[in-house]
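Reader: Could you walk me through how to read a structure like this one, beginning with a single chain and then moving on to the place where two chains meet?

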Amino acid sequence: MADLSSNIILVIAVTSIATYLSRFLGVLSSERIDENSRIFRLFDCIAYSTLAALISKVVIFPAGDLNEADIFLRLGVVFLCVGSFYLFNKNLVYPTVLSAIILTTLIKII
Amino acid sequence: MVSSGYFLKGFSSVRSTDSPAIALACSFVAIGALLKNIGFNFQQSFFSTFFTYALPGQLVMAESFLVGASLINIFIGVWLVNARLLPMAVSMFPLLKSRKQPKWKYYLSCHFLAVSSWLIMKKDYRTIHEDFRIDFWMGIGTATWSIAIISTVLGFVISDYLSKDMMIGLAIVNPVYFFCMLLGSMKNIVIGASVILGTILGPVFYLISPEWCILYGGVSAGIIAFIVGEFNG
């Protein structure tokens, strides 16, 4: 058990360092970047598009539990919730709460 | 030190109706339960969110740990999925610059950088005076980070009561919330193009390279959107 436990601590440390690295390098390079510069606008685009890429990858090719729900179910829930987002005047609480309830219910029924 | 007024203003911004608090809590409850299921103890689960605080990275960690991946493979896998934090930092920290503020605040508070806190800051920074934006940011970050840690602990404790179906249901909350929030932040054609192209290219590049798809898809979509913007701008 001691072996496994020290292994978990190493895993947590490695994960945290790999994550902080990007945050740290981001702050370091932003010291020389002006908010009105072209490079700032480029990184703004890349930040938004990378987030969008991550989210759509998570929905279409998920890792973990989400993988066990059918792709049409996942996409259906996302479309329904995006619809409710616009229907309720861009209120984020409805789609957020609805998403979990709809998906859990649909999995139970189907 | 830190201006408590602006810190508290940032801290309480998670109470608004478009707050990421619910989405964050659902996701980290799921992470807490997942970590317990794969054999982490209470302290290890707590410190995982305390020190990493990045949902996709922690998911990669959990999956890699389960299949017994080497530490170097875990490092690369986590780095790849969390590399988005670099462009996010570069597109936010220049907005928080102030000569009156010490550097340590920036290097400490970048730990709070996550999609949730970033989207709040990008939305609200104009309402805060330049010299105090970093304090406001530290408030937002402390609040979102605390929610994540408390939810991880909660998920660990209640994991026995969460059925498989509920875990799957919780897992969809995060992408739905952030997708809606991204759609809501498409205020001009350039950001709109970035979001739409990223949504398409991320999964497309998955077919070529599952590990690198977020970086390849995100960077190429961002560059295309940037070029579109410069020609129209």
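Author: Let us begin with the secondary structure, keeping in mind that this is a predicted model. Chain B has 12 helices and 0 strands, and read from the N terminus its elements run α-α-α-α-α-α-α-α-α-α-α-α.

Reader: What radius of gyration does chain B have, and what would a compact globule with 233 residues have?

Author: A compact globule with 233 residues would have a radius of gyration near 17 Å, and chain B has 18 Å, so the two agree. Along the principal axes, the C-alpha trace of chain B spans about 50 × 45 × 35 Å, and 54% of the 233 residues count as buried.

Reader: How many residues does each chain bring to the contact?

Author: Chain B gives 83 residues and chain A gives 69 residues. On the side of chain B that touches chain A, helix H10 (residues 164–184) gives the most, with 19 residues, and by class that side has 60 nonpolar, 19 polar and 4 charged residues.

Reader: At what angle do helix H2 of chain A and helix H11 of chain B cross?

Author: The axes of H2 (residues 38–60) of chain A and H11 (residues 189–206) of chain B cross at roughly 40° and come within 7 Å. Angles under 35 degrees would count as roughly parallel and those from 65 to 115 as roughly perpendicular, which means that H2(A) is oblique to H11(B). The crossing of H2(A) and H11(B) is right-handed, and by class their contact has 14 nonpolar, 7 polar and 1 charged residues, among them Lys57(A) in H2(A) and Gly198(B) in H11(B).

Definitions and conventions
Residues numbered from 1 in each chain as written. Chains lettered and ligands numbered in written order. Predicted model: local features only at pLDDT ≥ 70, side-chain atom pairs only at ≥ 80, totals over all residues. Helix = DSSP H or I, 4+ residues; strand = E, 2+ residues; numbered from the N terminus. Rg over C-alpha atoms; globule rule 2.2 N^0.38 Å. Buried ≥ 20, exposed ≤ 12 C-beta atoms within 10 Å, placed from the backbone. Contact = placed C-beta atoms within 7 Å. Nonpolar A, V, L, I, M, F, W, Y, C, P; charged D, E, K, R; others polar. Axes fitted to C-alpha atoms, helices over the stretch in contact; angles between N-to-C directions. Parallel < 35°, antiparallel > 145°, perpendicular 65-115°, else oblique. Left-handed = near helix turned anticlockwise from the far one by under 90°.
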